[in-house]
Amino acid sequence: MRNNNSIVLFLYILIFLFYMNETVQRPLITVGALIFNQNREILLVKTHKWKDKFGLPGGKIDLGETAERALIREIKEETNLDIQNIEFVLWQEVIFSEEFYKPQHFIFFNYTCDTLDETQIMLNDEAQSYVWLGLGEALSLDLNEATRKLISTVWQQSLQESEEA
């Protein structure tokens, strides 16, 4: 009888360890922003993760962290910039984009914000280079599709606002 109990206990432990180590893949929820400098140019970063296309600085939201707090943290980590005037623009779902270096399902929360001192920029190892460009100019770059959609949306909004003024 003792052997059966030991075997059952051993099996329970194996099952527990299996489920504890099982990686359940879920969408990655991230934040990113078009950062405007004082000249109303936006920051775009070129990264190997997106097949050397230009995109946005940003990253994952940590458990228990608000999206806005994650945005502030990620921008600081990736660019060394402090941001303000954060405004939500749109969310996007990107599923297994061929532009990304590995299969991934993303949910992007996209924002706009301002920085007062773009001279403080220092990229971490996730980006290889950066540019500051106007919204219209930026659309001529080799952008990942999610970034292109965000820039187009913000540009259209700014055109509508200028027409209404």
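Predicted model: local features only at pLDDT ≥ 70, side-chain atom pairs only at ≥ 80, totals over all residues.

Me: Why is W50 called buried?

Reply: The relative accessibility of W50 is 11%. Buried means under 20%, so W50 counts as buried.

Me: What makes F108 buried or exposed?

Reply: F108 has a relative accessible area of 12%. The cut-off for buried is under 20%, and F108 is therefore buried.

Me: Why is the aromatic pair of W50 and F108 called tilted?

Reply: The centres of W50 and F108 are 6.3 Å apart, and rings pair if their centres lie within 6.5 Å. The planes of W50 and F108 make an angle of 55°. Stacked requires under 30 degrees and edge-to-face over 60, so this pair is tilted.

Me: What parts does the pair of W50 and F108 tie together?

Reply: W50 belongs to the loop between β2 and β3, whereas F108 is in strand β6. The pair therefore ties together parts that are 58 residues apart in sequence.

Me: Which residues form one aromatic cluster?

Reply: The cluster is formed by W50, F100, Y101, F106 and F108. A search of the whole structure finds eight aromatic pairs. One of them joins W50 and F100, at 4.7 Å centre to centre and 55° between the planes, and is tilted.

Me: How do you know that the charged end of R40 sits over the ring of F36?

Reply: The charged end of R40 is 4.1 Å from the centre of the F36 ring. The distance cut-off is within 6 Å, together with a position within 35 degrees of the ring normal. R40 is accordingly listed as sitting over the ring of F36.

Notes. Residues numbered from 1 in each chain as written. Heavy atoms only, no water. Phe/Tyr/Trp six-rings, centres within 6.5 Å; stacked < 30°, edge-to-face > 60°. Helix = DSSP H or I, 4+ residues; strand = E, 2+ residues; numbered from the N terminus. Buried < 20%, exposed > 50% of the residue type's maximum accessible area, 1.4 Å probe, protein only.
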